Amino acid sequence: MLVVSHVLPATDDPLSALAFETQRGMVCAGPVRFGEAGQAEHGEPTATFLIDPVGQLMELALFVCDRILSLDEAKRQAREMERIRRALAEQDTASTLRAETMVDPLFRDEFLDHGGLVEFMYVYWRLVAEVAEACGKKAAWRVATLHTLECAIPLLADRCERTVYEESDALVSRLIDGLSDPIELEAALLASARLRTATRGPEDFAADDYSRVMQTTWSARLTADLYRTWFTDEEPFQAESHHLVVEAGRLVVRALELDGGARRPRLLASLAQILADEREFQDAASAAFSALLSLPALREPDLALFLLRVVDGIPPETVGELLSAVFGTPMTDFVAAHGRTTTAKVISQGVNLARERADRPLLRTVLDWAERLDARWDSAHRRQLIEARLHVLPDDPIECPGPDQALAVSFPESWTPGQRSAALLHTAAHARDRRQPALGLALLQQLSDDESEAVRLLTADLYHQAAESGDAGPGPVPFPWGYYTYAALAYASLGFEELARASLVPFVQRLGNLRGEELRGALYAVIVDLPNFDTSGVPELGEVLRDLVHSAIWQMAAESETLPMALMIGLHQAGKGSQLGAWSRIKGPLALPPHIQHFIGKLLDREQPAASSGTSPNLLTVLDSDHRPGGLDDAQVAQNLRWRISAFVDEELRGRATPFVDDQHLWAKAHELLDDRTVLLTWFLPAAVNGAAVLLAVTRQSRELIVHLGDGSDENSDRHPVADLVAAIRTEVERDPLFADVTPEGGRLLESGDLPLDLGERWAEWRARGKDRILAWPHGALHYLPIPLCRTGGRMIADDWTVTTIAGLEALTPAEGPVRPRRTAVLASAPGGVPYGLHREPALEEHARKVAKAVDADAVTGPAATRDRLLTELSTADVVHIAVHGTLDQDAPWLHCLYLTPDSDDDGRVFAYDFLAIDLRGVRLVTLAACESALGRFDRADNVRGIPSALITAGAQAVVGCLWPVRTEPATHFYHHMHLRIAHGTDPERAFRDAQLATRSQYPHYRDWGSFTYLHGRSKGAGE
């Protein structure tokens, strides 16, 4: 807390002014204790400055891990702490603000053991090193540097990020150059060598090294990154591991030549790992084991277990003694003696040692330690532990078979169901180890439903192994393409994003060469499995999935004459907004957990009292591709906090959504769900196909495919060339047309043949058959195209057609839900948003009163139009109209905001995520008279986030909003007419069309009547 009694004098040195005023007793800083004021010897009041370096660095580290700050900016802020301390100390020569008092607390004992939080502790120690160097504490800097490297090594083994390596290598190189003491230099050289060997995976053949004959997590990452960089000059960092390991060998040899010797066993073991594929491997490993035994105590138990695994000819009694020395100790005592990090290494080595020796008692002990250890495991270690549990299942009556022993395929009838299930899983795990995937899958088919982590991992491994080996298993899954997608889906459900990406890469690379029945099977696999992938938080997986479905659609378009057209609808369902469908199946209203509330509090501390307005330049580009600023000022930090909060909401929805199971095969019978008036137009904008667009027109009688080849650039797969045309149309329509209905350029663009709307004579043919209703299912930038304003065949689409939109095929199916009593609630706030830089708008409340009069209700306005009142009305009314200021948050669409009247409890803002906390089933319609209220942001899977999505997710049956700001008069005319019609019993969609025509007649400028758009949720079925 900083308490200042008056305005400080203007000065070029505000810090000195602050210090001077503090000496006068006019400023209080730090924790405030109420009581008698302290007095200096000469009788003047004194102030105590409190600098909290630990809390400050921990918050900086958290912000770096959550991508709120860049590491460079966090380092700058860490150095700033010392500048502030020094400036304060210079103002008060008697001050106790010495450098030691700031540096020493940073080395608390509890920070010396990362316990699996390697990224957080890596950043923390890197910042400690920065503070120590700024304070001139060389010894502290050296210690902090070594701690940084101890955390960087497992982080690099897990992620293999070039930036982590380069940052750490620069640090350790400085350390080595400045050392002369042999013991310290030996430690630094060893750390530098281990940093290099970490680029090829976990140290000492730990974690999922058992999968080396197939696909380790590290090799999966390499496969995925090679695909990601296929068409670029960038090279995956893993590809450099070979020469870095050679460098590591030189560093180890240099360390062994020193007169230190304390780390000789570890150095020799590191040399053995470096020489893993060389003849000298066994010699180095044996020498390391001998050096380890010569030590007076077992100081490195993880190293002992590693050497037990790799050294030949160790006497059984020696093995027993070492195992007893490690696992004969109570785990709590072991952790107290060696720390959680070493204990985690011991567990990893112990699992692989037990597996290699088929020692099930030892494996049970090690897994028990893993269950009780408070550690966060990386992907490779999680995979190792999950897989190992298959070999010690409760009720398992069989032993691990020997290498020459055949696997059992049948079991005694006398066994209990639990024994039989355990035996089947155990045997299937060994089938996987022996590369017999067909047998393993056949065994798994005999199991009842089991969604445990171990079963999902085993299933994924077997399907991937079968696809790679060409060994098809039993069942209806299309081989091999369905095997790849099923494996990837199972891996992704476990959080193994690298394995999921690597499983999809062969499919993506070979899809373009498929034809006939093989292509049909591949497309079916995409249709069935892709809607269940959740890519929030994993943009790299989203890229691969996007490439897969876009390639599938383009291949389907090329082969459309030989394949059922229903497959194209299924591909659209798989590639467009599948998560929005899943969000509508969340289990109950969404309550934000404490960690999200914490970040919201941080945001409130930093955001400025101003509201952004106007659409984002990134609006028509996928959300996943947005660049995150480095957090150089409060505005950038607030921007990143908003993005992180929105991402947290995504994660919360993902955890609460139920899987997508289209057991009705909507894609195959979508035409049956349409009435005779309706045409479903569904677009897809394939990435990197020269601006092409695929349009599928579906009626009850037919399905027709139209491909627009386009001539755009394919340089940016995250922004389709049609986005530029949509942006130009929106700009021109919003301009003042002076004496016309739209600017000449706007008219030209709306009739442009570059728009994917040219259906030739089909428009006239449909009209001749009595069709007058378009259900639009847009994709990408087309979400923001005012389709009714576009012209085709010399006529505006709005002349003849009612145009509404759907978010997915689920909107076509009837949905059961509560029915609320008929009541329309109308709310408006003139002062809403004023604290955030928006002007007071009395016209909003006058607008609301006119709309309320149409439905014979009283508008809620002024001080009564609060956030709580809105949420209450949404919980009870069946139609709700909201007339307020609104802003689209370009960085965080779940923070898309409406501004109600502030009250004593809140600032009046209602965010998109707030609507997720209430049950809107039974709400027939929500209409929004707010700027850009129909907008949102879409990701690579075309999931649109924003207020309309939130309302639909929460259960609203339909939402009407605006694609751009509309003047008050036409907006009032539109909504008054629409709600009047609804109050007299007209269906909301029909009322929307009537209001559109009435407003067009009164206000013919395109910008006045063409902004309104109607989005269907789940109700009686949008197809009718």
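Two strands pair if DSSP finds at least two bridges between them. The legends below describe close-up views of a predicted model.

**View 1. Strand β5 is an antiparallel partner of strand β4.** Strand β5 covers residues 703–708, and six bridges connect it to β4 in the antiparallel sense. One of the facing pairs is V698 with R703, the latter being the bridge partner in β5. The chain passes from β4 to β5 through a hairpin of four residues.

**View 2. Strand β3 also pairs with β4.** Strand β3 is made of residues 678–684, and its pairing with β4 is antiparallel, over five bridges. T682 lies opposite L696 of β4.

**View 3. Strand β4 is buried on both faces.** Buried here means under 20% relative accessible area. Because six of the six residues of β4 (residues 693–698) are buried, the strand is largely enclosed by the rest of the structure.

**View 4. Helix α15 packs against helix α17.** Two packed helices are described by the angle between their axes and by the distance between those axes. Helix α15 spans residues 331–356 and helix α17 spans residues 379–388; the angle between them is about 40° and their axes are 11 Å apart. α15 is therefore oblique to α17. Their crossing is left-handed. On the α15 side the contact is made by I347, S348, V351, N352 and R355, and on the α17 side by H381, Q384, L385, E387 and A388. Sorted by type, the residues of this contact are four nonpolar, four polar and two charged.

**View 5. Three strands form an open sheet in the order β12-β13-β14.** The pairing in this sheet is antiparallel. β12 (885–887) and β14 (909–911) are at the edges with a single partner strand each, so one side of each has no neighbour in the sheet. On average, neighbouring strands of the sheet are turned by 20° against each other, direction ignored.

View 6. β13 is formed by residues 897–899, and three bridges join it to β14, the two strands running antiparallel. Which residue of β14 stands opposite C897? The residue facing C897 is F911.

How values were computed. Residues are numbered from 1 along each chain as its sequence is written. This is a predicted model: local features need pLDDT of at least 70, side-chain atom pairs count only at pLDDT 80 or more; totals for chains, interfaces and linings use all residues. Side-chain values use heavy atoms; hydrogens and water are left out. Buried means under 20% relative accessible area, exposed over 50%, partly exposed in between (1.4 Å probe, protein chains only). Axes are lines fitted to C-alpha atoms, for helices over the stretch in contact, and angles run from 0 to 180 degrees between N-to-C directions. Angles under 35 degrees count as roughly parallel, over 145 as roughly antiparallel, 65 to 115 as roughly perpendicular and the rest as oblique. A crossing is left-handed if the near helix is turned anticlockwise from the far one by less than a right angle, and right-handed if clockwise. Contact means heavy atoms within 4.5 Å. Ala, Val, Leu, Ile, Met, Phe, Trp, Tyr, Cys and Pro count as nonpolar, Asp, Glu, Lys and Arg as charged, and the others, Gly among them, as polar.
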